[in-house]
Amino acid sequence: MNSPAYVIPKERRSTGQEIHRIVVVGGGAGGLELVTQLGDSLGRSKKAQIILVDKSATHIWKPLLHEVAAGSMDPSAHQLEYVAQARWHNFEFYQGAMMDVSRDEKCLRVAPVLDENQNPILPERVIPYDTLVLAIGSVTNFFNVPGAEKHAMAVDTVIQAETIRRRILSACMRSQSGAFLSADAPVKKVHLVIIGGGATGVELAAELRNTAEVLAAYGLHKLDPQKDVQITLVEAGPRILPPLPEKISIETTRLLGYLNIDVMTGDRVTQVTPDAVLTASGKSLPSDLTVWAGGIRVPAVLHEMGLETNGIGQIIVSNTLQSVSDKNIFAFGDCAACAWGDSGKIVPPRAQAAHQQASTLVKSMHRLLAKKSLPVFTYRDYGSLISLGNYEAVGNLMGRMVGRSVKIQGFLARMLYLSLYRNHQMALHGFFRMAVDALVDWLRHNTKPRVKLH
Ligand SMILES: Cc1cc2nc3c(=O)[nH]c(=O)nc-3n(C[C@H](O)[C@H](O)[C@H](O)COP(=O)(O)OP(=O)(O)OC[C@H]3O[C@@H](n4cnc5c(N)ncnc54)[C@H](O)[C@@H]3O)c2cc1C
């Protein structure tokens, strides 16, 4: 790697021997759990040096982003500083986007970090590794639909989710301000179009209906949240929630109808313009805000590593989560394609899968250092839960918990949905702090407006 960048030197024991260095790139749903647990064990006992690299300074659990976009969650209350977590759990953190990897020299290059005026805060760095674990997640796939990347918003980061929230708020305020100018003037309708009837699209649609109702209660009194805010969910396939059993899809469609959300299935989006969404059947849906929630792909940086990848750029890994092209490189979570048993499918890109893979990799790293054979990853599908905001949650439980797929709904589904985030917090902080955080969240929920207004 020919570069003048600063090289992060390896740690050595008092004997002069280098300590094995495990570098994890991506501190998301899977990566942060992994480094926390490795830091607590191998890092604390100095059996290995654990390093996390992430392009951001703070972590947020990605499944919360649709609530941030709808304004029903204040992200600042749920973001975790990587440097603090590193200090508490015996790992090192380097902020910066991974730019490339030299597999021959076993090192990766991390981009400089710039301030808002593009002045460097941190220089470009080179980090040598003994074992590399890639967990950089996925980004929205716009499938080259004309105008989509330019005119539709994605929900991949806190910044994007906050932009969506601000735009919805502005659109609703603009719509009611017209009605103030003349008492007879009707409130101009606000059109929100969500593309993609998967879990993210469905959850966002329901959450936005809740937002409209809260905004109407918090001062936008001329806005009828049901009639004046039109929400349309567009899905190319024959039904929403394609990976879930059909009965859940039918029930969810019914519940969305009850929330006055138009569900359009079997119609592919062919173009997105600044104020409309055009579909293959010739429809033109007016849109004040278009959100694209219709598929994922892996960030381009992984394509240049020379590892075997699939059509959406996921690194193909064996059942030990090692790249089939390079055994020193592990990959997991959304950025990896791991076979799901003999089903012929790959493990789905879910927080649940990233969590399970992180647990397997903790064991793998211990065994790797002990020069023992690596454990095989087996994905257990415990089912899926779809939150319909404050209104409902639906889903199915599967596998060992119930022995077969069982539809659940209502309070139980809502509680299980909320427990997913608490599980993640428990993996990061332990039971006591998770419980305190849950209590603080509950208190905050009861003392702040239900929607973040500014
Ligand atoms: C709105 C939304 C709702 C969702 N809801 C659910 C749900 O209810 N249940 C569920 O199971 N799943 C849900 N998912 C999917 C779930 O969030 C992902 O499957 C999960 O986060 C994947 O975990 P990961 O660790 O692979 O990646 P991520 O959690 O995406 O983390 C990737 C990390 O890599 C970092 N990174 C990216 N590129 C670089 C780079 N070049 N250099 C350094 N760092 C980099 C990012 O900053 C990030 O911290 C949802 C996703 C979205 C977007």
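Strands E3 and E6 pair in the parallel sense over 4 bridges; strands here are DSSP E runs of at least two residues and helices are H or I runs of at least four, numbered from the N terminus, and two strands pair if DSSP finds at least two bridges between them. Within this pair, Leu52 has Phe93 in E6 as its bridge partner. The model is predicted: local features need pLDDT of at least 70, side-chain atom pairs count only at pLDDT 80 or more, and totals for chains, interfaces and linings use all residues. Residues are numbered from 1 along each chain as its sequence is written.

Both strands belong to an open sheet of 5 strands in the order E6-E3-E2-E12-E23, with parallel pairing. Because strand E6 (92-95) and strand E23 (329-331) each have a single partner strand, they stand at the edges, with one side of each left without a neighbour in the sheet. From one strand to the next, the twist averages 20°. Helix H1 (residues 31-43) packs on this sheet and touches strand E2 (20-25), E3 and strand E12 (131-134). The direction of H1 makes about 160° with that of E3, where axes are lines fitted to C-alpha atoms, for helices over the stretch in contact, and angles run from 0 to 180 degrees between N-to-C directions. Contact requires C-beta atoms, placed from the backbone, to lie within 7 Å.

An open sheet of 3 strands has the order E17-E18-E19 and antiparallel pairing. Its edge strands, strand E17 (269-273) and strand E19 (284-286), each pair on one side only. E17 is joined to strand E18 (residues 276-279) by 4 bridges, and Thr273 stands opposite Ala276 in E18.

The ligand has 33 residues around it, of which Gly26, Gly28, Lys62, Gly137 and Gly333 come nearest; a residue is near if its C-beta atom, placed from the backbone, lies within 6 Å.

H8 gives the most, with 3 residues. At least three residues of the shell come from each of domain 1 (6-138 + 298-369) and domain 2 (148-294), with bounds from an automatic or database domain assignment.

The chain as a whole has 10 helices and 27 strands. Among the contacts with a separation of 6 or more, 63% are between residues 24 or more positions apart.

Technical notes. Contact = placed C-beta atoms within 7 Å.
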